[in-house]
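Here is a structure to get to know for the first time. Have a look around before reading on, and keep the view open while you do.

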Amino acid sequence: MEPQSSPTPHVLIFPLPVQGHVTPMLNLAELLCLSNLKVTFINSTHNHQRLTRYTNIESRFSGYPGFGFKTVPDGLPDDHPRAGDKSWLSELIQGLASSAKPVLSEIVVGAEAEAEAEAEKVTCLITDGWLSFANDVANEAEVPVIAVRCFSACCLWAFLCMPNLIHLGEIPFKDNEEMDELVKNVPGMDSFLRYRDLPSYCRTKDIPTCRQLQHLFTGEMQQIQKAHSFILNTFDDLEGPILSHIRQHCSSSRVYSIGPLHAHLKYRLGPNEITISKPNNSSSNLWEVDRSCISWLDQKPDKSVVYVSFGSITILTKEQLMEFWAGLVHSKKYFLWVIRPDLIIGSTSSESLKLLEGTKERGCMVGWAPQEEVLAHRAVGGFLTHSGWNSTLESIVAGVPMLCWPYFADQQVNSRYVSEVWRIGLDMKDTCDRTIVMNMINDLMDKKKDELERSMRKISDLANKSVSQGGSSYSNLDHLIEEIKAMSN
Ligand code: UDP
């Protein structure tokens, strides 16, 4: 009798349909494909159209016969801007829950029913935190869930401690003066985390909001504990102590720290197929990349340019735009600034760009940059960032010190860690004044440059080691893949 071959695991991946989640999950998808797993990636229809319009996404995955896309509606009207005040994110999550849920159900159950061979059955669903309905769909179909959070471990830990902070009366805080006081009940952070560094949703004085938070984060904890296992896009040498707290707290599911996800491919694909100067992450852009900034950077001296980008969701008022602009101009540094078409409240990007006319000789403005490539460019010496987790990891891998202006969600905690724990940047939290911008850019690029670069070099080396053979994230990813294979047997 011939020995039976093991069935090929079939993984469904369903991220929250926003750039900062789609990019790392596509990287994870590619890493699983490289290990010969079958992967179905679920995009919102809206994002899928953008991905195919602005990237070579089909060709990126054409070498993986087991890879495929499916789409689900996001529940928002076609003409919804999917931008603006962050309340649109709640609309998106609600829209998905009502419109995507039945389609996801069909995909999960359909994939099982249509399976001609055992090899095609769905092995597991890898999904994001905000999509609790996706967990319900998987539970109903008895498909195991592997939970992913696309933010830092330090922010997740603060989230998980929230019910206790509320229970102990630390939240809601009473007045603005408390914002600079230390938070007492987030173990591992009690010597440096201030109320102003808590995740944006949690910086509240409002009791009903606290009740909602308590409910939300208790649910978050239960979701992680119920999951078969749990993935974080971070690495042990960066967030080891906090990961230990999370591992103790979530003892029922295995926690895999496998980041920085975007850096793995370089080591797994080998230097002939991918290089740091031409990363394939460009294949997940939801905006059209303007590569003219690379030739602009080519003309500039080493480490002379400040790269300015506030990610894919942050918005600015015209006043904030002008403060940043004046601070950048008065710093007398070169700057490359990403002005997304929807970055400025109540203004089109061409109006915003017009506002900035006259800065051409020092500044270059683009609608969307090839960020990894920009950060790896020899001319870039600092990154003025909103401290999104992907941007933070990309800056670390490229070894570029940061000036942080956090906007929401995990960004407040991330920027505190950048400045106070890892000491690889400066935190400009809650201020947006031209003189402060100017002074802090000068600190970043001149006065504090050497000390920031020294600590950044160490952490950047650790990041690169973690994803190279024998490194913690490299091994953790291998273990995760083994576990998925074992699930399909
Ligand atoms: N990004 C990019 N070009 C830009 C601005 C951003 O490629 O001009 C990418 C960036 O490299 C990162 C993602 O968009 O991978 C933003 O994710 P992050 O977690 O930093 O912030 P979010 O957009 O979720 O707030």
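Two residues are in contact if their C-beta atoms, placed from the backbone, lie within 7 Å. By that rule, and leaving out residues up to four places away in sequence, Q469 touches Y267 and Y474.

**What you are looking at**

This is a predicted model, where local features need pLDDT of at least 70, side-chain atom pairs count only at pLDDT 80 or more, and totals for chains, interfaces and linings use all residues. Residues are numbered from 1 along each chain as its sequence is written.

The pLDDT is the predictor's confidence in each residue, from 0 to 100. The protein chain averages a pLDDT of 91, and 93% of its residues score at least 70. Over residues 274-282, though, pLDDT stays under 50, and the model has 21 contacts for that stretch beyond four places in sequence. For the complex, the predictor gives an ipTM of 1.00 and a pTM of 0.95.

**The overall build**

Helices (H or I, at least four residues) and strands (E, at least two) are DSSP runs, numbered from the N terminus. The protein chain has 18 helices and 13 strands. Its radius of gyration (taken over C-alpha atoms) is 22 Å, close to the 23 Å that the globule rule gives for 489 residues, so the chain is as compact as a globular protein of that length. That rule is 2.2 Å times the number of residues to the power 0.38. Along its principal axes, the C-alpha trace of the protein chain spans about 75 × 55 × 50 Å.

A residue is buried if 20 or more other C-beta atoms lie within 10 Å of its own, exposed if 12 or fewer, and partly exposed in between, with C-beta atoms placed from the backbone. Of the 489 residues of the protein chain, 46% count as buried. Among contacts between residues at least 6 apart in sequence, 72% join residues at least 24 apart.

**Two helices with two sides**

What is the expected span of a helix? It is 1.5 Å times one less than its number of residues.

| Helix | Residues | Length | End-to-end C-alpha span | Expected span |
|---|---|---|---|---|
| α7 | 207-226 | 20 residues | 29 Å | 28 Å |

Start with α7, whose buried residues are L213, F217, E220 and I224. They cover an arc of only 50° around the axis, which puts them on the same side of α7. (The arc is that of the directions from the helix axis to the C-beta atoms.) These buried residues pack against β5 (145-149), α6 (153-167) and β6 (229-232). On the other side of α7, you'll find I207, P208, R211, Q212, H215 and Q222 exposed.

Now for α17, where L452, M456, A463, S466 and V467 are buried. Their arc is only 85° around the axis, which puts them on the same side of α17. Among the elements covering them are α8 (236-249), α9 (261-269), α14 (389-398) and α18 (472-487). On the other side of α17, D450, E451, R454 and D461 are exposed.

Is Q469 buried or exposed? With 10 C-beta neighbours inside 10 Å, Q469 counts as exposed. Q469 and H21 are 448 residues apart in sequence and 26 Å apart in space, C-alpha to C-alpha.

The ligand is surrounded by 18 residues, and the closest are G20, G311, S312, G388 and S391. Two or more residues of this shell come from each of α1 (19-34), α13 (371-375) and α14. Which element gives the most to the shell around the ligand? That is α14, with 4 residues.

I171 and P172 are joined by a cis peptide bond, with omega about 0°, and P172 lies in the loop between α6 and α7. Another cis peptide bond joins G259 and P260, with omega about -5°. P260 lies in the loop between β7 (254-257) and α9.

E142 is not a glycine, yet it has a positive phi of about 55°. E142 lies in the loop between α5 (132-140) and β5, and E142 is exposed, with 9 other C-beta atoms within 10 Å. For A409, phi is near 55°, a positive value in a residue other than glycine. A409 is found in the loop between β12 (402-404) and α15 (411-421), and A409 counts as buried, with 22 C-beta neighbours inside 10 Å.

Definitions and conventions: Near = placed C-beta within 6 Å.
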